[in-house]
Amino acid sequence: MTSPAPGTDARTDARTGASLYRMVMPDHTCPYGVKARWLLGRHGYAVDDHWLTTRAETDAFKVQHDVRTTPQIFIDGQRIGGHDDLRRFLGLKVKDAGATSYVPVLAVFAVAALLALAVDWLTFLPLVSFMTLERFVAIAMMLLAMLKLQDVDRFATMFLNYDLLARRLPPYGLVYPFLELGAGVLMLTRTLDWLSIPVALFIGGIGAVSVFQAVYVEKRDLKCACVGGSSSVPLGFVSLTENVMMVAMALWMLAGIH
């Protein structure tokens with residue numbers, strides 16, 4: 001905590017009054033300023049909301065208080081800092097931008113399961129059956145491919161960190177999302193099994209071996225490209241599961257099990 005906010009009464013009760021300085025311009029409203037205002041109100045503070053309506057006014061405010069960013073929050077005449085600093089002041093968790101998380105891939109699996117159940121409902125099939133499992137795997141493949149296709153080059157670059165075939169043949173990383181999407185569509189519709197089965201076996205088999213080699217043999221600490229090139233998912237069990245699912249699905253179809 002450093003300088004007091006201009007015009008703020010240092011005698012103000014820290015639980016009743018706060019001053020917030022945030023950017024509100026015709027072409028830009030700072031989202032963290034909006035979040036900070038909501039947090040302060042939620043925790044019982046009467047907010048004195050000051051708008052910085054021009055770039056010049058914002059720059060002058062930063063120079064005056066020797067800060068690099070806005071919003072800035074002042075409580076009891078003392079500067080708390082920005083949005084993250086406010087969360088810490090209130091005892092709330094602050095997300096670590098560099099932290100690894102399984103949330104993205106778990107979200108994909110959850111949505112895939114819901115979509116598989118929805119398709120069963122619409123086609124008047126039992127909500128839980130072998131067909132539900134097939135649809136779940138196929139839809140999960142399609143969703144994972146969609147995330148990779150958002151930035152194929154970035155995915156392919158991240159993929160090079162551990163995929164054995166991509167290391168020898170870099171263009172494989174560029175076509176991988178299309179192969180995964182195509183196999184998923186064909187498996188979902190049970191069309192051209194003669195094509196979808198070998199594709200799934202191929203990419204899933206190489207992927208499983210690559211992940212096992214990197215994580216369990218070489219003991220490397222990597223992030224998985226499974227949900228795209230900006231993934232925070234650690235390479236490991238969940239990544240291996242994606243590939244094993246593809247192989248299992250292909251073998252399931254090859255054996256003619258329904």
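View 1. Leu114, Leu117, Trp121, Leu122, Leu127 and Val128 make a nonpolar surface patch of about 690 Å². Patches here take residues with over 30% relative accessible area and no salt bridge, joining nonpolar side chains (Val, Leu, Ile, Met, Phe, Trp, Tyr) within 5 Å and like charges within 9 Å; areas come from the Shrake-Rupley method with a 1.4 Å probe, and for residues only the protein chains shown count as cover. Leu114 sits in helix α4 (residues 103-122) and is exposed at 58% relative accessible area. Exposed means over 50%, buried under 20%, and partly exposed in between. Helices (H or I, at least four residues) and strands (E, at least two) are DSSP runs, numbered from the N terminus.

This is a predicted model, so to speak of local features needs pLDDT of at least 70 and side-chain atom pairs count only at pLDDT 80 or more, while totals for chains, interfaces and linings use all residues. Residues are numbered from 1 along each chain as its sequence is written, and side-chain values use heavy atoms, with hydrogens and water left out.

View 2. Arg190 meets Glu134 in a salt bridge (3.2 Å, N to O). That pair links distant parts of the chain, 56 residues apart: Arg190 is in the loop between α8 (171-189) and α9 (193-217), Glu134 in helix α5. Glu134 is buried at 3% relative accessibility, whereas Arg190 is partly exposed at 27%. Arg190 also forms a salt bridge with Asp193, with the closest N and O atoms 3.0 Å apart. A salt bridge here is a side-chain nitrogen of Lys or Arg within 4 Å of a carboxyl oxygen of Asp or Glu, and the structure holds 9 of them.

View 3. His83 lies in helix α3 (residues 83-89) and is buried, at 8% relative accessible area. Leaving out residues up to four places away in sequence, His83 touches Tyr32, Lys35, Ala36, Leu39, Pro71 and Ile73; contact means heavy atoms within 4.5 Å.

View 4. Strands β4 (residues 72-75) and β5 (residues 78-81) run antiparallel, joined by 3 bridges; strands pair if DSSP finds at least two bridges between them. Phe74 has Arg79 in β5 as its bridge partner. Between the strands are 2 residues, and Asp76 takes a positive phi near 55°.

Key: Buried means under 20% relative accessible area, exposed over 50%, partly exposed in between (1.4 Å probe, protein chains only).
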